[in-house]
Amino acid sequence: MNATPLQAECVRTLYGGAPHAVLGMLVGSTGLAVLLARHVPAAALGGWWALMLLQAVPRWWQVQRFRRLAAGLGDDGVLRWGRRFLLAHALTGLCWGSAAWWLLPAGPHEAQLLLVVALQVVCLVVLVQSAAWFAAAACLVLACQALVLARLLLHTDPAVHQLAWLVVAATLAMGVLGRRVSQVVVASIALRYENRELLGKLQARTQEAEQANLAKTRFLAMASHDLRQPLHALGLLVGALSHAGAQRPRLEAGIASAVASLQSLLGALLDISRLDAQAVRARPQPVALQPLFDRLGLEFAPVADARELQLRVRPTPLVVHADPALLERMLRNLLANALKYTERGGVLLAARARAGGVCVQVWDTGIGLDGADQQRIWGEFVQLGNPDHDRERGLGLGLSIVQRLARLQGQGLALRSVAGRGSCFAVELPRVAGGAVGAAVRAAPPAGVFPLLGRRVLVLDDEASVRHATQALLGAWGAQVDLASTLEQALAAERPDALVCDGQLDARDVAAGGSLELGPLLGSLRGRFGADLPVLVITGEVRAPDVAPGLPGVTRLHKPVEPQRLLEALQSAF
């Protein structure tokens, strides 16, 4: 624990017990005056007691004022009040020590001893009451004992001088005892402070967990609704297809639309699940922004033209340090969102150099956002201006994914918006000055009716429906497809140009009763067909580990895989 918070807590403890201490001093001074009433003139007693009362009034006011202000004081403010406490304690000690000057009787010696012992008892009580801060106790004790010693040493009676040695011995003993008591009390305060911090953190974590649980419940409820809609439409369309007749092309188009909607939703849900499960790792490297901007400009130009909007991409020579795939996904979502909510004007994609970094911005002249909506839009399934939840206008997951991707990479994400005028989304990235660019532009698949003509692909999957669907798709692209559901069948096939393998193969089916894992399985197939065999592993696991980390040339895709993404992965593998 840092010293400042602990000291502040000790000061709060002192002030917490100060009201009782002030009242106790008044009672103690009154009792001392009563005990010495027979040996000291009434005027001296009254004057000293008035002095004690006079010092108690501002101390009481100080304590009450601190208690009113304590809630709004930081640690530094509390320590300033602690220094005031030290000064007040020293003045109180001087008032107690002045009793040796006001009240020390000329005789008998028993009365003199009574006064000295009473003052030592007062000092001992103060040591215990102020043990939370030894410096405060020491201020009062030393101030009091200094005046007592001075008075005893200046007395003309040599017998009184002997009492001075008693005061010196008592002061030394109280110093040792007070230090030990203070250490114990401070340790208990530190433990109490740490327990309170732990309790606060536990309560905060509990509240976060409850909020996350509620958010996940709402998320699943809305996801369930949105999943049922295209499935329901798909079921109706398939049922009508058998009686379609001349309407068959229209029904097939409806089926394709429902499947596309379902794939889009499942893909977005999988992305969010993988990000929440921390199954995605950022691999930052130098990335030139201009090739990325060029690809995004070409991709969204038809969308902007269809909406009669102007899409501008400002050229930039800047290079940033980021994960190229994750950065492209973030900017793609931001551009899609900007074009979706812009009716007039246009959208601008630009990058600006900042001190030590780069700010990539997406500007739009769309509907804009007020203060409350600027917080809401980062939630799942939030779609402003779409009360009917029309899936043609998106799913409401894009910005939620952007926020998670920015958090994953430790990037700043900012939003400036004015309702009715437009918005600016900005991503803060580290700048690379003159660094080598590691993000290569992925080549687009060559155009053609049969892009995989002349290629042989081996499909290893323990689900018959998946095997045959993959065979139909790859066959439509011109590939020769061999199917296998077990390792033995795969080893018996002809040498393929690529292997498409399920990431969750049932070990009993694939290894015929063995416990062969995916890494050794791929090693066996490469031992049969060659170490350079390209492998595509398609997995549905959210928290799937790296596939066969010791084997190069293995690409992982996550279900559901869009056909175009599968084609691109195969062409990149060849």
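Among contacts in the chain between residues at least 6 apart in sequence, 73% join residues at least 24 apart, where contact means heavy atoms within 4.5 Å. The model is predicted, so local features need pLDDT of at least 70 and side-chain atom pairs count only at pLDDT 80 or more, while totals for chains, interfaces and linings use all residues. Residues are numbered from 1 along each chain as its sequence is written, and side-chain values use heavy atoms, with hydrogens and water left out.

Taken as a whole, the chain has 17 helices and 12 strands; these are DSSP runs numbered from the N terminus, with helices being H or I of at least four residues and strands being E of at least two. Of its 574 residues, 42% are buried, meaning under 20% relative accessible area with a 1.4 Å probe and protein chains only.

Now for the transmembrane annotation. An unreviewed UniProt entry lists residues 12-36, 42-61, 85-104, 110-128 and 133-153 under "transmembrane region"; positions are given in the numbering used here, feature names are shortened, and annotations may be inferred rather than shown by experiment. In the model, residues 42-61 are 100% helix and 0% strand, with end C-alpha atoms 29 Å apart. Residues 110-128 are likewise 100% helix and 0% strand, and their end C-alpha atoms lie 27 Å apart.

Helix α5 takes in residues 109-129, and its 21 residues reach 30 Å from first C-alpha to last, close to the 30 Å expected at 1.5 Å a residue; the expected span is 1.5 Å times one less than the number of residues. Buried residues in α5 include Ala111, Gln112, Leu115 and Cys123.

The largest nonpolar core holds 36 residues, and Leu32, Trp96, Leu103, Leu115 and Leu152 touch the most other members. Such a core is a set of buried Ala, Val, Leu, Ile, Met, Phe, Trp, Tyr and Cys residues joined through side-chain atoms within 4.5 Å. Elements giving two or more residues to this core are α1 (3-35), α2 (42-69), α3 (75-97), α4 (99-102), α5, α6 (134-153) and α7 (158-241). With 8 residues, α5 gives the most. A second, separate core of 35 residues includes Leu292, Leu334, Val360 and Val402.

Further along, strands β6 (residues 412-418) and β7 (residues 422-430) run antiparallel and are joined by 7 bridges; two strands pair if DSSP finds at least two bridges between them. Ala414 stands opposite Ala426 in β7. The hairpin has 3 residues between the strands, and Gly420 takes a positive phi near 85° there.

Methods: Buried means under 20% relative accessible area, exposed over 50%, partly exposed in between (1.4 Å probe, protein chains only).
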